[in-house]
Amino acid sequence: MKIAVLLGGTSEERDVSIASGAQVFRALRSRGHEVVAVDTARGTLQGEDEARLLESGVGPQPPSEEELRRLRQGNPLALAENPALREADVVFLALHGGSGEDGTLQAILDFAGITYTGSGLLASAIAMDKDVAKRLFKLAGVPTAPWLMAPVEPETVERELGFPVVIKPSKQGSSVGLSIVRERAELEDALARAARFDDEVMLERFIPGRELTVGILAGQPLAVGEIIPRGEVFDYESKYQLGGAEEIFPAALPEEDSERVRELGLRAHTALKLRDYSRVDFRLDPNGNLWCLEVNTLPGMTSTSLLPKSAAAVGIAFDEVCERICELALARRAAGTGGPGTAAGRGNEV
């Protein structure tokens, strides 16, 4: 296959995307495919630029606002005319957050007739919007923590959610802008912090307990894992720095609990009309109740990422995962159910 790995982007998760893309790039090349790396902000990477970018790691903090503002000055529509994307059999989306994961880029690729991996524009937009996603979870019978959307009075927060409460941007990933607020006096600062990253801010009841995750690949749940962060929350630093968290696959759970996670994970994936693959995160509270936190449509593919570990625990190696994801996109195109120029290609069939 001729594969273009699309990475980088202009969101706060740019460094994570580059790290993911670098590993996907190498894995697909190791399978004998012709692979090129394309940074959405800088174009096709070659020679020293390719090596330098693909060898960069993930820092403890996201890129600065100034750096991201500079990268956003280009014209995103020009990406559809990139020869590397036009000539590829399939484009592997190794993007996280922002326009790379919220359906914007998917819409551009759809109208350009370019086959790409992962979910389509509608499903991507739905999953990125945490408020909309949680509404669909409830309709599908997937338990999720009670929430409110700002602006909201402190009295309402205290009455309907109680403290502590999680405050986060509604359309961000990697715990960017997230805070745990324990008393009313902390609300204003936490809301302002989250609002730096999104114009919609969610307040969600904090669920104590164990953090669990399950990968979904080709409509099948993979192994359930447990994340034990170094701190109280699985934040940006814990996610991407070695030693930031202990990740156990498979999780040490009774089989009936693991099966519940797998069943609810697949139900959440289906409720959001996702396709190809995703990763679904849960909390298991001290009373044994499961609560869906969110679904990641383009989960991380770095050395510390959870989807590859979920797959490895059921015997699927990382390079095989990457190749299967590409094959799923090509199969949709061949069947006329998700390729360029088809109605389904612009939709989000499961």
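Two strands are said to pair if DSSP finds at least two bridges between them, and that idea will be needed at the second stop of this tour. The structure on your screen is a predicted model.

**The whole chain**

Of its 350 residues, 55% count as buried, and among contacts between residues at least 6 apart in sequence, 68% join residues at least 24 apart.

**The five-stranded sheet**

Now select strands β9 to β13, which form an open sheet of five strands in the order β11-β10-β9-β12-β13, with antiparallel pairing. Which strands stand at the edges? They are β11 (245-248) and β13 (290-296), and because each has a single partner strand, one side of each is left without a neighbour in the sheet. If you look along the sheet, neighbouring strands are turned by 25° against each other on average, when direction is ignored.

Zoom in on β10 (residues 220-229) and β11, which run antiparallel and are joined by four bridges; E226, for instance, has I248 of β11 as its bridge partner.

**A residue inside the sheet**

Next select T213, which belongs to strand β9. Is T213 buried or exposed? Its relative accessibility is 1%, and because buried means under 20%, T213 counts as buried. Leaving aside residues up to four places away in sequence, T213 touches a list of residues that includes A223, V224, G225, F249, R279 and L306. One of these, G225, is twelve residues from T213 along the chain, and the C-alpha atoms of the two are separated by 5.3 Å.

Follow the chain on into the loop between β9 and β10, where you will find A218. This residue is not a glycine, yet its phi is positive, at about 55°, and with 47% relative accessibility A218 counts as partly exposed.

**The helix across the sheet**

Select helix α12 (residues 255-271), which lies across β9, β10, β12 and β13 and runs at about 130° to β12. Its 17 residues should span 24 Å at 1.5 Å a residue, and the C-alpha atoms at its ends are 24 Å apart, which agrees.

Colour the buried residues of α12, namely D257, S258, V261, R262, L264, G265, A268 and H269, and notice how they are spaced as you read along the helix. An α-helix has 3.6 residues a turn, so residues three or four places apart point the same way. The buried residues of α12 pack against helix α8 as well as strands β9, β10, β12 and β13.

Both ends of this part of the chain deserve a look. In the loop between β11 and α12 you will find P250, and the peptide bond that leads from F249 to P250 is cis, with omega near -10°.

**Two pairs of crossing helices**

Select α7 (residues 121-128) together with α8 (residues 130-139), whose axes come within 5 Å and cross at roughly 95°, which makes α7 roughly perpendicular to α8. I126, A127 and M128 of α7 make the contact with K130, V132, A133 and L136 of α8, and these residues divide into six nonpolar, no polar and one charged. The buried residues of α7 pack against α5, α6 and β13 as well as α8.

For the second pair, select α1 (residues 14-30) and α14 (residues 318-335), which pack at an angle of about 90° with their axes 9 Å apart, so that α1 is roughly perpendicular to α14. Here Q23, V24, A27, L28 and S30 of α1 meet F318, D319, C322, E323 and C326 of α14, and the residues of this contact divide into six nonpolar, two polar and two charged.

**Last stops**

Move to helix α6, in which L105, Q106, I108, L109, D110 and A112 are buried, and where the buried residues pack against β1, α4, β4, α5 and α7. Just after α6, G113 takes a positive phi of about 75°.

Finish at the loop between β5 (147-149) and α9 (154-160), where P151 has its place, and check the peptide bond from A150 to P151, which is cis, with omega near 5°.

How values were computed:
Residues numbered from 1 in each chain as written. Predicted model: local features only at pLDDT ≥ 70, side-chain atom pairs only at ≥ 80, totals over all residues. Heavy atoms only, no water. Axes fitted to C-alpha atoms, helices over the stretch in contact; angles between N-to-C directions. Parallel < 35°, antiparallel > 145°, perpendicular 65-115°, else oblique. Contact = heavy atoms within 4.5 Å. Nonpolar A, V, L, I, M, F, W, Y, C, P; charged D, E, K, R; others polar. Expected span 1.5 Å × (residues − 1). Buried < 20%, exposed > 50% of the residue type's maximum accessible area, 1.4 Å probe, protein only.
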